[in-house]
Amino acid sequence: MAVRNIHKSFGKTEILKGATIDFEEGKITAIIGQSGTGKSVLIKTIIGVMDADEGEIYFRDEEVTTASSDRRKAIRRNFGYLFQDSALFDSLTVYDNIAFPLVESLGMRDKKKIAEIVAEKLEWVDLPDVGRKMPAELSGGMRKRIGLARTLASQPEVLLFDEPTTGLDPVLAESINDLIVRVNEEFGITCILITHDIQATFRISNYIGFLYDGVIQEFGHPDDLSSTSHPVLRKFIMNSFSDLEVTGCPDM
Ligand SMILES: Nc1ncnc2c1ncn2[C@@H]1O[C@H](COP(=O)(O)OP(=O)(O)OP(=O)(O)O)[C@@H](O)[C@H]1O
Ligand SMILES: [Mg+2]
């Protein structure tokens with residue numbers, strides 16, 4: 001999975017100016033950068049809720065951007081995503097929320113099979129008994145788990161997370177980070193992660209890209225990035241770790 005030379009403007013403001021990044025299959029790649037630099041815009045162009053003005057998006061060497069619209073839809077069925085608000089349907093039970101993509105996107109009709117998958121995913125996120133509840137009855141952390149269960153039900157090959165831990169207390173945030181690692185390790189799903197939690201990013205990611213001034217300016221393993229000479233990135237990382245006295249802080 002890769003994006004090449006992505007450009008995106010809003011009015012006269014050019015947000016992405018040729019962003020290029022490779023997402024290695026089966027690995028966790030994070031995109032970090034200051035607020036408003038276009039991280040969410042970049043993921044939106046990947047999943048297709050927003051069109052790039054220019055540039056290419058590849059899934060397994062196939063160019064998504066120039067594919068027919070049917071083919072594009074088919075390719076994008078391999079993508080799952082979890083956004084900050086979990087985006088559950090408030091009027092549907094948890095069960096129906098998870099069953100929804102199975103019926104609507106995958107066209108499954110076998111009720112027994114659907115029930116099996118829903119139960120399996122609820123079990124996986126450690127919430128086996130909430131199927132009959134409405135989303136409003138759940139805590140933020142639980143909603144997030146249900147959002148993940150729903151995404152996993154359609155067996156994506158690539159999962160995109162936009163700020164999955166924002167708004168959660170540190171313990172819950174940790175449990176979501178653990179789930180991302182499990183998703184990656186147990187199912188081999190390629191994970192693309194955007195988060196302000198830089199400490200977690202350095203711990204759980206295989207690769208990190210730094211988006212600045214519309215392009216990915218630095219890219220590498222967390223260890224490589226922690227010894228970067230890029231002044232803005234150095235400052236960005238240092239600020240994120242300044243409240244940490246314990247080890248785990250990159251060697252700056
Ligand atoms: N639909 C849109 N219409 C106009 N401007 C937009 C739209 N979506 C995003 N922008 C602008 O693009 C810029 C980048 O937004 P984006 O949400 O991608 O930032 P971000 O890097 O995800 O920031 P944050 O870390 O705060 O989430 C912002 O200035 C934003 O106002
Ligand atoms: Mg964002």
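The structure is a predicted model. The domain assignment divides the chain into domain 1, made of residues 1–78 together with 159–252, and domain 2, made of residues 87–155. Ligand 1 has residues from Phe-10 to Val-41 among those that surround it, and helices H3, H4 and H5 cross one another in three pairings, namely H4 with H5, H3 with H5 and H3 with H4.

**The two domains**

- Between the C-alpha centres of domain 1 and domain 2 there is a distance of 26 Å.
- Where the two domains are in contact, nine residues of domain 1 meet seven residues of domain 2, and on the domain 1 side helix H6 (residues 170–187) supplies the largest share, with four residues.
- That side of domain 1, sorted by class, holds six nonpolar residues, two polar residues and one charged residue.

**The surroundings of ligand 1**

- The residues around ligand 1 are Phe-10, Ile-15, Gly-33, Ser-35, Gly-36, Thr-37, Gly-38, Lys-39, Ser-40 and Val-41.
- Helix H1, which spans residues 39–47, gives the most to this shell, contributing three residues.
- In terms of class, six residues of the shell are polar, three are nonpolar and one is charged.

**Helices H4 and H5**

- Helix H4 (residues 111–124) and helix H5 (residues 140–153) have axes that come within 9 Å and cross at roughly 135°, and the two helices are therefore oblique to each other.
- The crossing of H4 and H5 is right-handed.
- From H4, the residues Ile-117, Val-118, Lys-121, Leu-122 and Trp-124 take part in the contact, and they meet Ala-149, Leu-152 and Ala-153 from H5.
- This contact of H4 with H5 is made up of seven nonpolar residues and one charged residue, with no polar residues.

**Helices H3 and H5**

- The axes of helix H3 (residues 94–104) and H5 come within 8 Å and cross at roughly 30°; since angles under 35 degrees count as roughly parallel, H3 and H5 are therefore roughly parallel to each other.
- The crossing of H3 and H5 is right-handed.
- On the H3 side the contact involves Val-94, Asn-97, Ile-98, Pro-101 and Leu-102, while on the H5 side it involves Ile-146, Ala-149, Arg-150 and Ala-153.
- Seven of the residues in the contact of H3 with H5 are nonpolar, one is polar and one is charged.

**Helices H3 and H4**

- H3 and H4 have axes 10 Å apart and pack at an angle of about 125°, and they are therefore oblique to each other.
- H3 passes H4 in a crossing that is right-handed.
- Here Tyr-95, Ile-98, Ala-99, Leu-102 and Val-103 of H3 meet Ile-114, Ile-117, Val-118 and Lys-121 of H4.
- By class, eight residues of the contact of H3 with H4 are nonpolar and one is charged, and none is polar.

Definitions and conventions. Residues are numbered from 1 along each chain as its sequence is written. Chains are lettered from A and ligands numbered from 1 in the order in which they are written. This is a predicted model: local features need pLDDT of at least 70, side-chain atom pairs count only at pLDDT 80 or more; totals for chains, interfaces and linings use all residues. A residue is near a molecule or strand if its C-beta atom, placed from the backbone, lies within 6 Å of it. Ala, Val, Leu, Ile, Met, Phe, Trp, Tyr, Cys and Pro count as nonpolar, Asp, Glu, Lys and Arg as charged, and the others, Gly among them, as polar. Domain bounds come from an automatic or database domain assignment. Axes are lines fitted to C-alpha atoms, for helices over the stretch in contact, and angles run from 0 to 180 degrees between N-to-C directions. Angles under 35 degrees count as roughly parallel, over 145 as roughly antiparallel, 65 to 115 as roughly perpendicular and the rest as oblique. A crossing is left-handed if the near helix is turned anticlockwise from the far one by less than a right angle, and right-handed if clockwise.
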